[in-house]
Amino acid sequence: MEQTFSLDIEHEFVQNSERVKSVDLHPTEPWVLVGLYSGSISIWNYQTKTEEKSFKLSESPVRSAKFIARENWVIAASDDKFIRVYNYETAEKISEFEEHTDYIRSLAVHPFLPYVVSASDDKLIKLWDWKKGWACLKTFEGHSHYVMSVAFNPKDPSTFASASLDETLKIWSVDSSAPILTLDGHLKGVNCADYFTSNDKEYLISGSDDYTTKLWDYHSRSCVETLEGHGNNVTAVCSHPELPIIITASEDSTVKIWDNVTYRLQTTLNFDLERIWSIGYKKGSSQVAFGCDKGFVIAKINIQAVKQD
C-alpha cells in the first residue's frame with residue numbers, strides 16, 4: 001500500500017553556537033540537551049529560546065549527552081574518556097567515572113531499567129547500572145574498530161544494536177558479552193543505527209561513510225533497502241516514532257526525509273549550519289532537533305495526507 005503525504009517543515013528555533021555533536025529532547029519539558037565539541041553541555045528551552053543550564057565538563061569534545069528524565073539527570077561522555085552525570089535541577093555532580101581507554105562516541109539510556117550503555121573507540125561497549133553505584137555490569141566485545149553508536153530496541157529493551165567503523169552492525173543482549181548477530185553489507189564504516197517498526201515488522205536503519213542508509217530485516221539478517229542520495233558520510237539516522245518517515249543527516253550539510261513505507265525521498269533540508277551530526281526526537285511530538293557544525297535547529301514536521309483520485 002502506498003502512502004501519499006505532503007510535508008510542511010517549520011523551523012521553530014535556530015541557534016548559532018559552537019559545533020554541536022549531540023542533541024536530545026526532554027520527554028516532557030520543552031528542553032533540548034546540547035553536547036558541544038568545546039567540552040560543555042547546555043540545556044536550552046526551545047519555547048522561550050533561552051539557555052537554562054550549562055555545565056563545563058572538560059576541555060575535550062562531548063560526543064554524546066542524554067537526559068535521564070526519571071532521575072532529573074543528564075549524562076554525558078567526552079573525549080577525556082570520562083562519563084559524567086549531573087542533576088539538572090540542582091546542578092550537583094552525581095558521578096564521574098573513567099573505564100574506557102579511548103574516546104566515548106555514544107550513550108544509550110534504557111527505557112525503564114537503571115542501565116546506560118556506552119560505546120567507545122576502544123572497540124568496546126559497556127553496560128552501567130546506576131542503582132549499583134554506576135558499576136560496570138558487562139563489557140561487550142566483538143567489534144574490530146571504533147564503536148560509533150548504540151541504541152536500545154524499544155520493542156525489546158533487553159537487546160541493543162551497535163554500529164562500528166568495522167563496517168558492521170551487531171545486536172546484543174544485555175545478558176551476554178558476545179553478540180547475538182552481525183549485519184554486514186556497508187562498504188565503509190557505519191556511524192549510526194536506530195530501530196523502527198513498519199507494518200508490525202521490526203527493522204534496523206544504519207548510516208555509513210559509504211554515503212548510504214541501509215534498512216535491515218535483522219530477523220532474516222538481510223538488507224531490504226538502500227537509500228542513496230547523500231553526497232558525504234551519513235552521520236545520523238532515525239525513524240520518527242510519531243510520523244511515517246525516516247530521517248537521515250550527513251556531512252554533506254543536508255537532512256533527507258524519506259517515506260518509511262515506499263522509501264521514496266520526500267524532501268531535502270539545508271539549515272546553512274554546515275555538517276549535521278545528530279538528530280533528536282521524542283514520543284508524542286512532531287518536533288525534531290538537529291545538531292550541526294554551526295549550531296542547532298528545532299524543527300516541527302507537519303504531515304498532511306494527500307487525497308488520491
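A polar contact, as I use it here, is a pair of N or O atoms within 3.5 Å; within protein, one must be able to donate a hydrogen and the other to accept it, and residues adjacent in sequence count only if both atoms are side-chain atoms.

**Ground rules.** I'm working on a predicted model, where local features need pLDDT of at least 70 and side-chain atom pairs count only at pLDDT 80 or more, while totals for chains, interfaces and linings use all residues. Numbering runs from 1 along each chain as its sequence is written, and side-chain values use heavy atoms, with hydrogens and water left out.

**Entry 1: Ser206.** I looked up Ser206 and found it in strand E19 (residues 201-208); strands (E, at least two residues) and helices (H or I, at least four) are DSSP runs numbered from the N terminus. Ser206 is buried, at a relative accessible area of 0%. For the record, buried is under 20% relative accessible area, exposed is over 50%, and partly exposed is in between (1.4 Å probe, protein chains only).

Which side chains does the Ser206 side chain reach by polar contact? I get His186 at 2.7 Å and Trp216 at 2.8 Å. Next I listed contacts (heavy atoms within 4.5 Å). Leaving out residues up to four places away in sequence, Ser206 touches Leu169, His186, Val190, Cys192, Ala193, Thr212, Thr213, Lys214, Trp216 and Val237.

**Entry 2: Val237 and its sheet.** Val237 from that list stands opposite Thr248 in E23. Strand E23 (residues 245-250) runs antiparallel to E22, and five bridges join them; I call two strands paired if DSSP finds at least two bridges between them. The open sheet here has four strands in the order E22-E23-E24-E25, with antiparallel pairing. Its edge strands, E22 (234-239) and E25 (265-269), each pair on one side only. Neighbouring strands are turned by 15° against each other on average, direction ignored. Axes are lines fitted to C-alpha atoms (for helices, over the stretch in contact), and angles run from 0 to 180 degrees between N-to-C directions.

Entry 3: Is E8 enclosed or open? Five of its six residues are buried, so E8 is largely enclosed by the rest of the structure. Strand E7 (residues 73-78) pairs antiparallel with E8 over five bridges, and Val74 stands opposite Tyr86 in E8. The E7-E8 hairpin has three residues between the strands, with Lys81 in the turn at a positive phi of about 80°. E8 is also joined to E9 by five bridges, again antiparallel; Phe82 has Glu98 in E9 as its bridge partner. That hairpin has five residues between the strands, and Ala91 takes a positive phi near 70°.

**Entry 4: rings.** Rings of Phe, Tyr and Trp (its six-membered ring) pair if their centres lie within 6.5 Å; planes under 30 degrees apart are stacked, over 60 edge-to-face, the rest tilted. The count comes to 19 aromatic pairs. Phe67 and Tyr88 have ring centres 5.7 Å apart and planes at 90°, so they are edge-to-face. This pair links distant parts of the chain, 21 residues apart: Phe67 is in strand E6 (residues 62-68), Tyr88 in the loop between E8 (82-87) and E9 (93-98). Both Phe67 and Tyr88 are buried. Phe152 and Phe160 are edge-to-face too, at 5.9 Å and 65°, and both are buried. Ring pairs also link Trp73, Phe97, Trp128, Trp130 and Trp134 into a cluster.
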